[in-house]
Amino acid sequence: MSVTQVQPAIRPRDRAVAWARMWRFHFVPLSLSAGLVGTTAPSAGATTTTVVIGLLFCVFGYGVGVVINDWFDRKADAVNAPDRPFVAGLINPHVGLGLTLLLSGSLLLVAVVVAPALAIWSAIAIAGHLVYTWTKGIPMAGNLANGVDMSLFTVLGAVAVRPDAGWLDIPATTWYQTALVAVVLAGFCLVGYFKDIDGDRIAGYRTLPVAVGTRVAGRVAVAFPVVAVLGALAGVLADADRGGYPVAASLLLLAAASLAFVRSLSSVLRAPQERAYEALLWFTRATTLFTLSLGALHRPTFFLVAAVPMMLYLELTLRATTSSRQA
């Protein structure tokens, strides 16, 4: 006699949590902080509408990227993160991807009408998500592509306050900020690969830890925050005439970021797989503080104040990832 097992119905609350996890709302500070830094660019016809739309792209843009990535990565996630909504059966992968693209496409259409430059850069960022997916299996190429793609949130912030400027009329300072954000986010992506080695190997992704081993990859990972912090210090020195308060605010956040980077990378170097989750959490904190330090040089009070709720939000939401040890 066979026994048919009936799967328990998914409660509405569990389904809502699954959608929130699918979009990785706990990582919103990474993209939002980058967008806020971009808004320090000189204004050119900024309106409340353009700024709100630009920041909405920054709030939800990271989620769009991870949904696209998760759709392609179901084979690897079955090993690395079996509780993720797509592989756990909580959300139909095609429905999740389709709805995400529908929502982002709707916002894109609004941007076409209100601020065409925002629409152009948003489309470029979405295309960048696909580039990352296609390059993930190439050592170093994937995390570099991801860093560049995510750094475009800084450009989106700048375009949001400069709707009357051309889509390529981006101030040099914004490009420099974007480059630094790209470097640190490329490091963030690389550190994230250490927790996914087993599944990436099965799926055929030759990420740097898979291709050259954790020891060499860990040493390479150190270079990203070092380059970024040195670049930020150079920027502070170049803008030292802004006064003591902006410089002090920027250096304070940069010092806090540096300490968090050290904490993260010590885990990567000492126990790259065993403590990969902890390393990623500390790198997330460090990256957010680092990005905020770039904005503090221009609007010190705003970014110092913004750092408090952002870091509290990170701490509260990252706790939800403790059980799975997959952020």
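Q: At what relative accessibility does Ser122 count as buried?
A: This is a predicted model, in which local features need pLDDT of at least 70 and side-chain atom pairs count only at pLDDT 80 or more, while totals for chains, interfaces and linings use all residues. Residues are numbered from 1 along each chain as its sequence is written, and side-chain values use heavy atoms, with hydrogens and water left out. Buried means under 20% relative accessible area, exposed means over 50%, and partly exposed lies in between, with a 1.4 Å probe and protein chains only. Ser122 counts as buried because its relative accessibility is 2%.

Q: Which residues does Ser122 touch, not counting residues up to four places away in sequence?
A: Ser122 is found in helix α7, where helices (H or I, at least four residues) and strands (E, at least two) are DSSP runs numbered from the N terminus. A contact means heavy atoms within 4.5 Å. Not counting residues up to four places away in sequence, Ser122 touches Phe57, Leu108 and Leu156.

Q: How many nonpolar, polar and charged residues has the contact of α3 with α7?
A: In this contact, Thr50, Ile53, Gly54, Phe57, Gly61, Val64, Gly65, Ile68, Asn69 and Phe72 of α3 meet Leu118, Ser122, His129, Leu130, Tyr132 and Thr133 of α7. Sorted by class, the residues in the contact of α3 with α7 are eight nonpolar, eight polar and no charged. For this sorting, Ala, Val, Leu, Ile, Met, Phe, Trp, Tyr, Cys and Pro count as nonpolar, Asp, Glu, Lys and Arg as charged, and the others, Gly among them, as polar.

Q: At what angle do α12 and α14 pack, and how far apart are their axes?
A: Axes are lines fitted to C-alpha atoms, for helices over the stretch in contact, and the angles run from 0 to 180 degrees between N-to-C directions. Helix α12 (residues 214-238) packs with α14 at an angle of about 20°, and the axes are 11 Å apart.

Q: Which residues of α12 and α14 meet?
A: α12 passes α14 in a left-handed crossing, a crossing being left-handed if the near helix is turned anticlockwise from the far one by less than a right angle, and right-handed if clockwise. From α12, the residues that meet α14 are Pro225, Ala228, Val229 and Ala232, and from α14 they are Phe283, Phe290 and Leu294.

Q: Which helices do the buried residues of α2 pack against?
A: Helix α2 (residues 28-38) is mostly covered, with 11 of its 11 residues buried. Those buried residues include Val28, Pro29, Leu30 and Gly38. They pack against α3 (48-72), α8 (141-160), α9 (172-193), α14 (276-296) and α15 (300-318).

Q: Which residues do salt bridges that share partners join into one network?
A: Asp169 and Arg162 also meet in a salt bridge, at 3.4 Å from N to O. Salt bridges that share partners make one network out of Arg24, Asp70, Asp77 and Arg84.

Q: What is the phi of Arg24?
A: Arg24 is found in the loop between α1 (12-22) and α2, and at 6% relative accessibility it counts as buried. Most residues other than glycine have a negative phi. Arg24, although not a glycine, has a positive phi of about 50°.

How values were computed. Salt bridge = Lys/Arg side-chain N within 4 Å of Asp/Glu carboxyl O.
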